[in-house]
Amino acid sequence: MTRTRSPAPAFLLTLALVVGCALALPAFVNRGVVFMAGIVAINVVLGLSYNFLFSTAGLLSFGQAAFSAAGAYATALLLLNAPGIPFLLVLLASALVGAVLAVLIGLIALRRTEGVYFAILTLAFSELVHAVIAKTRFFGRNDGLTGIPRPTLSFGVGAIDLGPGDRYYAFVVLAAALVTAILWWITQSRLGRSLRAVRLDPMRAAFLGIDVQRRRLQAFAIAGAATGLAGGLGAPLTSLVSPDLAHWAESTKPILFTLLGGAGTFWGPAVGALVYAAVEYGTRSLAGASDLITGGLLLAVVLAVPGGILGLAARLLRRRDPARPRTAAVAPRAAPAGGAP
């Protein structure tokens with residue numbers, strides 16, 4: 001009997017290498033690139049949380065920006081109005097706000113629709129959140145909230161001010177790595193396996209005793225919590241939050257990260273977020289053409305490489321090494337009418 005090798009060591013090694021490179025980055029580049037790297041770390045969490053929802057649970061959502069904005073505004077309001085609250089509790093609150101909002105939306109959307117209709121309904125709820133933020137004085141209306149301070153990490157024996165230098169950037173990288181590890185663990189857990197069963201065949205999963213609606217709601221809440229936490233990390237990094245965070249265009253970004261890097265792999269959205277940032281940074285000086293070039297390149301990659309960058313890399317490796325086993329799952333053929341094999 002052959003033993004299946006655990007994927008945990010490879011994952012931990014990859015994560016450690018990525019975190020090590022990210023933490024060493026400020027020693028080699030300027031502050032602008034470091035700031036961009038912090039945004040990439042947050043975008044990685046956004047992409048991974050969406051990929052968990054889409055690739056693991058099979059839910060297509062166009063409204064993830066609502067959860068990110070909710071987490072960002074929760075962090076901003078607490079840092080501005082209650083600076084004495086420990087920052088770790090503030091981040092926990094941002095994740096909780098994202099999860100609660102996801103549950104509220106999910107209780108309505110998941111019971112009423114599925115597939116594309118579910119995606120459109122999540123988009124509608126996201127636009128509703130955008131409108132509420134833009135028209136509410138408490139949230140700063142269209143101007144948003146500015147002057148968000150860099151927090152301080154409080155411990156029993158002291159405190160660490162995350163304001164000076166690149167301290168907050170390092171904190172963002174470590175926090176993003178922790179969320180990444182948690183999402184990977186959930187994906188590999190019993191919950192992740194049941195969610196994949198629901199994605200592949202909801203009727204068969206229900207026949208096996210899996211509560212399909214409950215599992216989908218749990219996946220939506222987990223993705224909402226991770227997305228809200230990502231928004232909470234971004235508020236002190238940029239020092240401002242605005243209603244644009246809940247705009248529908250922000251909901252397209254994690255989808256693009258996932259499709260660009262490869263939706264069938266765990267690390268695909270991380271690769272997509274990095275490549276997207278590189279293209280955006282490289283075309284920043286082209287006034288009026290940056291968005292057009294970025295969108296055109298992404299469209300070309302998505303159309304030419306349906307499996308994303310990592311999917312293309314896997315196919316190239318298989319061509320160079322034909323003996324390498326294929327990792328892509330093959331869908332079973334439907335049985336002919338009448339039940340004949």
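This is a short talk through one predicted chain, from its overall build down to a few residues.

Okay, ground rules before we look around. The model is predicted, so local features need pLDDT of at least 70 and side-chain atom pairs count only at pLDDT 80 or more, while totals for chains, interfaces and linings use all residues. Residues are numbered from 1 along each chain as its sequence is written, and side-chain values use heavy atoms, with hydrogens and water left out.

Let's start with the whole chain. You're looking at 13 helices and four strands. By helices I mean DSSP runs of H or I with at least four residues, by strands runs of E with at least two, numbered from the N terminus. The C-alpha trace spans about 70 × 50 × 45 Å along its principal axes. The radius of gyration is 21 Å, which agrees with the value near 20 Å that a compact globule of 341 residues would have. That radius is taken over C-alpha atoms, and the globule rule is 2.2 Å times the number of residues to the power 0.38.

How much of the chain is buried? The figure is 42% of the 341 residues. Buried here is under 20% relative accessible area, exposed is over 50%, and partly exposed is in between, with a 1.4 Å probe and protein chains only. The accessible surface comes to about 18700 Å², and 67% of that belongs to carbon and sulfur atoms. Those areas come from the Shrake-Rupley method with a 1.4 Å probe, and for residues only the protein chains shown count as cover.

Now contacts, meaning heavy atoms within 4.5 Å. Taking the contacts with a separation of 6 or more, 74% are between residues 24 or more positions apart.

A quick word on charge. There are 27 positive and 12 negative charges, and their mean positions are 12 Å apart. Lys and Arg count as positive, Asp and Glu as negative, and His and the chain ends are not counted. The place of a charge is NZ of Lys, CZ of Arg, CG of Asp or CD of Glu.

On to the rings. The structure holds 13 aromatic pairs. To pair, rings of Phe, Tyr and Trp (its six-membered ring) need centres within 6.5 Å; planes under 30 degrees apart are stacked, over 60 edge-to-face, and the rest tilted. One of these is Phe-87 with Phe-171: the centres are 5.6 Å apart and the planes at 55°, so we call the pair tilted. This pair ties together distant parts of the chain, with Phe-87 in helix 4 (residues 87–112) and Phe-171 in helix 6 (residues 167–188), 84 residues apart. Phe-87 is buried at 2% relative accessibility, and Phe-171 is buried too, at 13%.

Then there's Phe-266 with Trp-267, whose centres are 5.4 Å apart with planes at 90°, so that pair is edge-to-face. Trp-267 is partly exposed at 22%. Both rings belong to one aromatic cluster together with Phe-11 and Trp-184.

Which residues does Thr-180 touch? Leaving out anything up to four places away in sequence, the list is Phe-11, Leu-15, Val-44, Leu-48, Phe-266 and Trp-267. Thr-180 is in helix 6 and buried, with a relative accessible area of 3%.

Next stop, Pro-151, which lies in the loop between strand 1 and strand 2 (152–154). Pro-151 is buried at 5%. Beyond its neighbours within four places, its contacts include Phe-87, Leu-79, Tyr-168 and Pro-236. Leu-237 is 86 residues from Pro-151 in sequence, with 9.9 Å between the C-alpha atoms.

Over in helix 3 (residues 64–81) we find Ala-66, buried with a relative accessible area of 0%. Ala-66 touches Leu-101, Ser-126 and Val-129, again not counting residues up to four places away. From Ala-66 to His-130 is 64 residues in sequence but 7.3 Å in space, C-alpha to C-alpha.

Most residues other than glycine have a negative phi. Arg-141 has a positive one, about 50°, in the loop between helix 5 (116–135) and strand 1 (145–146). Ser-239 also has a positive phi, near 65°, and sits in the loop between helix 9 (212–238) and strand 4 (240–241). Are they buried or partly exposed? Arg-141 is partly exposed at 41%, and Ser-239 is partly exposed at 28%.
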